Amino acid sequence: MNFRIAVVGTGAIGSYYGGKLAYHGRDVHFLVRSGLEEIRWLGIDVRGRKESFRLANIRAYKTTEAIGLCDLVLIALKATNNDVLPELIPPLLHETTALLTLQNGLGNEEFLARHFGAERVMGGLCFICLNRVSPGVTEHFDYGHLTVGEFTGFPKPRTHDIASEFKRSGVACDVVENLMRERWRKLAWNIPFNGLSIAAGGITTQDILEDDSLRLSALGLMDEIIVAAWACGNGLPENVALEQMKRTETIGAYKPSILLDFEAGRALEVETIWGEPVRRAQVAGATMPRLEQLYAVLKSLDGRRQ
């Protein structure tokens with residue numbers, strides 16, 4: 001299938017996944033709201049220890065009106081910028097345009113469904129370690145696997161078609177039947193490692209693993225997430241915590257992107273990653289004392305800078 005693809009948000013995630021598609025010949029159009037001239041001049045450069053690639057000439061635009069109608073929209077903005085999507089997305093939509101959010105946390109699919117209809121909405125989970133160091137330049141530390149699913153119901157022909165486009169572009173991509181279960185599975189990593197890296201004073205994932213107290217805190221948070229996921233009807237296997245810890249051991253001294261956001265003074269995705277899981281767990285009757293405490297700390301730190 002020949003998709004016309006828009007990438008809304010050309011940061012690290014948008015540059016990597018949109019870049020992979022474009023590098024392998026897909027028809028990709030990038031919305032660039034800052035650093036447009038630099039990206040037009042220098043292209044997109046992804047540098048990593050396992051793979052590197054460069055797009056010398058990309059289709060980059062300042063507005064979605066200039067991009068026009070597309071078959072697939074990859075949403076790679078931080079969730080803190082969701083308020084601009086009702087303005088940005090409409091010029092890209094025709095009757096069957098699919099919206100694939102690659103954002104972190106819970107609630108992003110629901111936001112898109114409220115504004116554009118649930119039938120358009122898909123979710124993607126990016127298992128990757130990336131940092132954007134300047135407009136157009138992204139450092140790739142590890143992984144790159146993508147998981148996609150429908151917001152409502154089971155996978156459709158389009159779900160498999162889109163996954164195939166990624167696979168043919170060198171991205172390992174799976175289709176899942178239960179997107180929300182996978183959201184909770186990813187939170188089992190994002191909540192402890194992103195949160196503790198900030199709350200403990202700007203440390204790496206390796207620092208967390210090597211400190212007995214922090215390692216136990218990470219495991220305790222994971223246990224709460226697993227319990228909450230079950231309470232919300234999205235049961236996770238018992239080995240999730242062990243799986244996440246083993247995966248983290250292979251990364252080395254990695255600074256999560258949300259820690260870099262914090263150090264740069266940018267707004268954090270506090271509500272989607274830490275707040276929304278707490279609220280959903282409370283509604284389902286599950287308690288998350290460790291997460292509630294971490295959420296309060298991060299909310300306070302983020303609020304002081306805002």
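Guide: Let us take helix H7. H7 gives the most to the lining of the largest cavity, with 4 residues. Helices (H or I, at least four residues) and strands (E, at least two) are DSSP runs, numbered from the N terminus, and H7 covers residues 179-199. The model is predicted, so that local features need pLDDT of at least 70 and side-chain atom pairs count only at pLDDT 80 or more, while totals for chains, interfaces and linings use all residues. Residues are numbered from 1 along each chain as its sequence is written, and side-chain values use heavy atoms, with hydrogens and water left out.

Rolling a probe the size of a water molecule over the atoms shows where empty space is left. On a 1 Å grid over the protein atoms alone, a cavity is a set of points where a 1.4 Å probe fits but cannot get out; a pocket is an open set with protein on both sides within 12 Å along at least five of seven lines, and lining residues have an atom within 4 Å of a point. Grid points are joined across faces, edges and corners, and a volume is the space filled by probe spheres set on the points.

By this account there is 1 cavity of 30 Å³ or more in the structure, and the largest cavity has a volume of about 30 Å³. Its lining consists of Asn-104, Gly-105, Leu-125, Arg-183, Lys-186, Leu-187 and Asn-190. Sorted by class, these residues are 2 nonpolar, 3 polar and 2 charged. Ala, Val, Leu, Ile, Met, Phe, Trp, Tyr, Cys and Pro count here as nonpolar, Asp, Glu, Lys and Arg as charged, and the others, Gly among them, as polar.

H7 also takes part in the lining of the largest pocket, where H7, helix H1 (12-23), strand E8 (121-134), helix H10 (240-249) and helix H11 (257-263) each supply at least two residues. The volume of this pocket is about 1,200 Å³. Its lining counts 44 residues, and Ala-12, Ile-13, Lys-78, Ser-257 and Asp-261 lie nearest the centre. Strand E8 gives the most, with 9 residues. By class, 22 residues of the lining are nonpolar, 14 are polar and 8 are charged.

H7, helix H9 (212-231) and helix H13 (289-305) each supply at least two residues of its lining, and the largest share, 4 residues, comes from H13. The residues concerned are Leu-196, Ala-199, Ser-217, Leu-221, Arg-290, Gln-293, Leu-294 and Val-297. They divide into 5 nonpolar, 2 polar and 1 charged.

H7 is one of the elements against which the buried residues of helix H5 (residues 108-116) pack, together with strand E6 (72-75), helix H4 (85-88), strand E7 (98-101), E8 and helix H12 (270-283). Buried means under 20% relative accessible area, exposed over 50%, partly exposed in between (1.4 Å probe, protein chains only). In H5 the buried residues are Asn-108, Glu-109, Phe-111, Leu-112, Ala-113 and Phe-116. An α-helix has 3.6 residues a turn, so residues three or four places apart point the same way. After H5 comes Gly-117, with a positive phi near 95°.

Along the principal axes, the C-alpha atoms fill a box of roughly 50 × 40 × 35 Å. Of the 306 residues, 55% count as buried. A contact means heavy atoms within 4.5 Å; among contacts between residues at least 6 apart in sequence, 71% join residues at least 24 apart.
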